[in-house]
Each structure stands twice: as structure tokens, then as C-alpha cells.
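Q: Could you take me through this chain? I would like the overall build, and then some detail on its aromatic residues.

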Amino acid sequence: GAAILEQRPTIMRRYHTSTLAVQGMVKEVLDVSDEEVGSAAHLSKVDVLRRKGNSWLADYRRFVSPGRKSFAYTAAALGAVLGHYNAQGAKRPLQRRVRESAERELRTAEQALSAEITAVLSSGGAAARAGAIL
């Protein structure tokens, strides 16, 4: 309730930082070549993405998801990648359509997050003065 609203600048600062990190992890997994799939480095990246991605979803689903495009598109990209690895295992390369879908969702998520940060910073409002973004 009220306590959450009072903490909103802090929550949004953490959200933007965490979302950038999750988007980076999704990119790292998408950038792995088919030949590298199944390697120790790849399996480690998938494991980190699974743990941190699920934690990110749990942390922000209730507080920032309503109407927040960056959340929806980041969650869609994360879901596409993790859905593949949950169903197929981490030793199988991403299917082309899954990779293309995740890349498309991720590009849209990055644009949405950038627009959200820009909007807050350009508004000059109390949230921006309080350091609500990075």
C-alpha cells in the first residue's frame, strides 16, 4: 500500500538496473553459437539466466508490470529463451524461430526501457530529482 508508494523511486531505480542486467544476460545466451551450446560456459550462462531471470520476474511482476512495456517485452524474451531450455534442455541449440522471436522481443524491450528512462529524466519531476532511474 502506502509504504510501497513511498519507496517507488527506489523500486524503479532497482527495476531499471535489474532489467538492464537481465536484458544483458538474455543477449549473452542468444549470442552463443550453435557450436558452443552445451559447453560449460554456455550451461553456466543458462543457469545464471534461469536463476536471475526468475528472481527478476518474482521481484517486479506485482510492482511494475501493469502497463510497463519494458517489463512485458523483457519477460517475453526471457520466457522464449527459458521455455526452450526448460523443454529441450540446455544442451540443444535454440530453434531459429525461438531465437528470432526472443531477439525481436528484446529489441522492443530495450527501446521501451530507454523511452521510460528518458521520459522520467526529461520530466524533471520529483522522481527524477530523487534518482528514480539509474
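A: From the N terminus on, the elements run α-α-α-α-α-α. Helices (H or I, at least four residues) and strands (E, at least two) are DSSP runs, numbered from the N terminus. The model is predicted, with local features needing pLDDT of at least 70 and side-chain atom pairs pLDDT 80 or more, while totals for chains, interfaces and linings use all residues. Residues are numbered from 1 along each chain as its sequence is written, and side-chain values use heavy atoms, leaving out hydrogens and water.

Q: How many helices and strands is that?

A: The chain has 6 helices and 0 strands.

Q: What share of the residues is buried?

A: Of the 134 residues in the chain, 34% are buried. Buried means under 20% relative accessible area, exposed over 50%, and partly exposed in between, with a 1.4 Å probe and protein chains only.

Q: Now the aromatics: how many pairs are there?

A: The structure holds 3 aromatic pairs. One of them joins tyrosine 15 and tryptophan 56, which are stacked at 6.5 Å centre to centre with 20° between the planes. Rings of Phe, Tyr and Trp (its six-membered ring) pair if their centres lie within 6.5 Å; planes under 30 degrees apart count as stacked, over 60 as edge-to-face and the rest as tilted.

Q: Where in the chain do those two sit?

A: Tyrosine 15 is in helix 2 (residues 8-30) and tryptophan 56 in helix 3 (residues 40-64), so this pair links parts of the chain 41 residues apart. Both tyrosine 15 and tryptophan 56 are buried.

Q: Why is the pair of tyrosine 15 and tyrosine 60 called edge-to-face?

A: Because their planes stand at 70°, with the ring centres 5.3 Å apart. This pair ties together parts that are 45 residues apart in sequence, since tyrosine 15 lies in helix 2 and tyrosine 60 in helix 3.

Q: Is tyrosine 60 buried or exposed?

A: Tyrosine 60 counts as buried, because its relative accessibility is 5%. For tyrosine 15 the relative accessible area is 0%.

Q: Which residues form the aromatic cluster?

A: Tyr15, Trp56, Tyr60 and Phe71 form one cluster.

Q: Changing topic: where is glutamate 116, and what does it touch?

A: Glutamate 116 is found in helix 5 (residues 96-123). Leaving aside neighbours within four places in sequence, glutamate 116 is in contact (heavy atoms within 4.5 Å) with Tyr15, His16, Arg68, Lys69 and Ser70.

Q: Why does glutamate 116 count as buried?

A: Because its relative accessibility is 13%, and the cut-off for buried is under 20%.
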